[in-house]
Amino acid sequence: MAALDASAYVSDTQADPRAFVRHSEGLAHLDLLVRGASCAGCIARIEGGLREDERVEQARLNLSTGRLALSWRGDDAAARDFIAKLNSIGYPATPYEPEADSDPQREEERRLLRAMAVAGFAMANVMLLSVSVWSGGLEMTETMQSLMHRISALIVLPAVAYSGQPFFRSAWRALRVGHVNMDVPISLAVFLACGLSIYETFIGHGAAYYDAAVMLLFFLLIGRFLDMRLRAKASQAARGLAAMQAATANRLLPDGAVKAVPAREVIAGDHLVLAAGDRVPVDATVIDGRSALDGSLVSGETEPVAAEPGTQLFSGMLNLDGKLVIEATADRDNSLLAEITRLVEAGEQSRSRYVRLADRAAKLYVPFVHTLAALTLIGWFIVAGEPRPAIINAIAVLIITCPCALGLAVPAVQVVASGRLYGEGVLVKSGDAMERLAQIDTVVFDKTGTLTEGRPRLVNEHEIDPRSLDVAAQLARTSRHPLSRAIADAAGMGIAAHDVTETPGGGIEGYVEGRRARFGSAQWLGIQTTANPFSEAWLQIEDEEAVRFRFQDRLREDAAETIHGFKTRGAEVFLLSGDRREPVAAIAAELGIVSWQGELKPQDKIERLQALKAEGRKVAMIGDGINDAPALAAADVSISLASAAEISQAAADFVLQADRLKSSVFALDISRGAKQRVIENFATSVVYNIIAVPIAVFGYVTPLIAAIAMSGSSVLVILNALRLARRR
Amino acid sequence: MSFLIWMIPLAIGMGLLGLVAFLWSLRSGQFDDLDGAAQRILMDDDKPISGD
């Protein structure tokens, strides 16, 4: 059911594709984001289906990103036909606004991949030479060894200069502002290993460490690349969401014509036409027409807002039944949505102060290692009385303690953990989100759309005779009003009534089996009742007695289980909602939540969260509405649902793709498991150092030992990370 | 040991060839859609080729 609803939602809020068509060489081009494509059959159906149309010149689907590049000859208006075609074969598509300039993240990923390829090539070839030097032993003449070293230098030095850049740059940035990070000892070890090897090759004629330097870079680049992939995957999802926001507005021109324009081009004072099913693109006032609008994503209120001339509307509200003419009161950048975006950004800045586990380890590790190397230098200088062995051994300490395994310890675990979460339908936006989730002790829930389904459900189906329900459903299937939707959901698939007219704010009437039937509010039907007009509707067939349908926003099936899950894992649960106090109290009582508050504005939610954080709590926020977005960003870690407002999904660290609330508990378990593995990996590195460091300090390290120790510890760390992939 | 004079350059040359081939394939977009490439091979395209 959820999937069906999602597709309905997409086609409801469909942006006009003509605003996104580009032209070149006599062809029209459009990028579409296609959902639901996952197999060869999908590619064949989508591309084949579109190519059946003679106008289409090219249709190519990128299955990894879900983007479809489409070019055709002729009118822009054909874009609508193509989208309709895709919808009809079961792949809802939305126009995708291509980024203005080339994507920096993608460029970064490419650069890392190239660096990795170069380091891999250099490592393989230098190993070829190094292994022959190690195994050649006494048979190899010194001239030959020297030749091997010189060839190694020729391969490694340019490779290091190229592949080491990500580390050198990051280390330099950290040092310049007076910090240390993991990249500082890495860069130092690589530099010193290369420097020492050059000296030994051309002057000293001793052992060279070219292979160690380049192997170090190769392993670390793997870790860096895994980390990058993880973030790229998440940001790709976020960009998909941004594309959903590529909204259009229908501008009413002075001559009465209507033209579709991108929403960001709307300026204050523009007159816009808002059809049923459209989202309000910018803050506006109604100047003509009557309708009801769903503001649940904006304010958290479940009840639709009645609109008439003069009513103030906020961007993000969904028009439910009538056609409205509205006057923009602000452009897009000054609308409520933009204001919320700014609050979100402010929250994200405060979150970036979180210090990652790896960086905290680096803070302890770096001074320790460097002191040890300095002591080795001084000790050997005193014992041996000459500088050369002292310098060689000090450098050996730095090479052998270089945090190769530490560099892999975190990304390897995070990639495995996020892979498992992905399999359960949980999207992770960043690696450190899991670290932050692992340490929470307080969970704050939103109500509407998070703990509840966020839309009304028919609750008295057992009181209604099936014939009345069937008649109501035939009428309801023609309408987008939430109560009609609820009836249609309850009745399932079926035929729709014909000759139906809908009165905005009133109800629908039409003919069913030749008889006139009316379905709508009590007031519209002239029935005396005191109940809330949005929690009940009546059906009247000709002069028969009217039948009452009652509705309520229902709890999600797994809400209670989720709350219980968090409580048993030692987290305290709070409920903060923007809805009125009574429904919030009812839900809190039903779920056994003691601490709850209603009627909160976005700003109030942030203040409440900050108060909790000030008590020293680590707070996770789970929410879905536009009004939750700033709170999501302000919390230590945040979770959102796939049905949530785009901005909330963008602000959240985790998105529950399948809308299963209890996946959030699973995410907590996996995050805690991941943290455990990371700590184990750090412990492994410490044990490794306890063994390797004395060998280095006392001068027994040979290039062969360095190579074995380095790869051995890395493999151990990766194997430990892979344990997380095993299902218990 | 004189054979090493041309064996070593040969080995490195082959490695370099692999590296260049990889960088070329990266640049020409062969890694842009890995899932798609894996699936496209399964598509039935045994229809007669229409000259267009």
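Predicted model: local features only at pLDDT ≥ 70, side-chain atom pairs only at ≥ 80, totals over all residues.
**Stop 1: the cavities.** Start with the whole structure. How many cavities of 30 Å³ or more does a search find? It finds three.

**Stop 2: the largest cavity.** Its volume is about 50 Å³. In chain A, select Leu357(A), Val413(A), Gln414(A), Gly431(A), Met434(A), Glu435(A), Ser671(A), Ala674(A), Lys675(A) and Val678(A); these residues line the largest cavity. Now colour helix H13 (404–423), helix H14 (431–438) and helix H24 (663–697) of chain A, the elements that each give two or more residues to this lining. Which element gives the most? H24(A) does, with four residues. By type, the lining of the largest cavity divides into five nonpolar, three polar and two charged residues.

**Stop 3: the second largest cavity.** The volume here is about 40 Å³. Select Arg467(A), Val471(A), Val512(A), Glu513(A), Arg515(A) and Ile541(A) to see the lining of the second largest cavity. Three of these lining residues are nonpolar and three are charged, with no polar ones.

**Stop 4: the nonpolar patch.** Select Leu147(A), then Phe3(B), Ile5(B), Trp6(B), Met7(B), Leu10(B) and Met14(B). Together they make a nonpolar surface patch of about 760 Å². Helix H1 (residues 4–27) of chain B supplies the largest share of the nonpolar patch, five residues.

Stop 5: Pick Leu10(B), which is found in helix H1 of chain B. Why does Leu10(B) count as partly exposed? Because its relative accessibility is 46%, and partly exposed lies between the cut-offs of under 20% for buried and over 50% for exposed.

Note on methods. Residues numbered from 1 in each chain as written. Chains lettered and ligands numbered in written order. Heavy atoms only, no water. 1 Å grid on protein atoms, 1.4 Å probe; cavity = no way out; pocket = protein on both sides within 12 Å on 5 of 7 lines; lining within 4 Å. Points joined across faces, edges and corners; volume = space filled by probe spheres on them. Nonpolar A, V, L, I, M, F, W, Y, C, P; charged D, E, K, R; others polar. Patch = residues over 30% accessible without salt bridge, like charges linked within 9 Å, V, L, I, M, F, W, Y side chains within 5 Å. Areas by Shrake-Rupley, 256 points an atom, 1.4 Å probe, with all protein chains shown as cover. Salt bridge = Lys/Arg side-chain N within 4 Å of Asp/Glu carboxyl O. Buried < 20%, exposed > 50% of the residue type's maximum accessible area, 1.4 Å probe, protein only.
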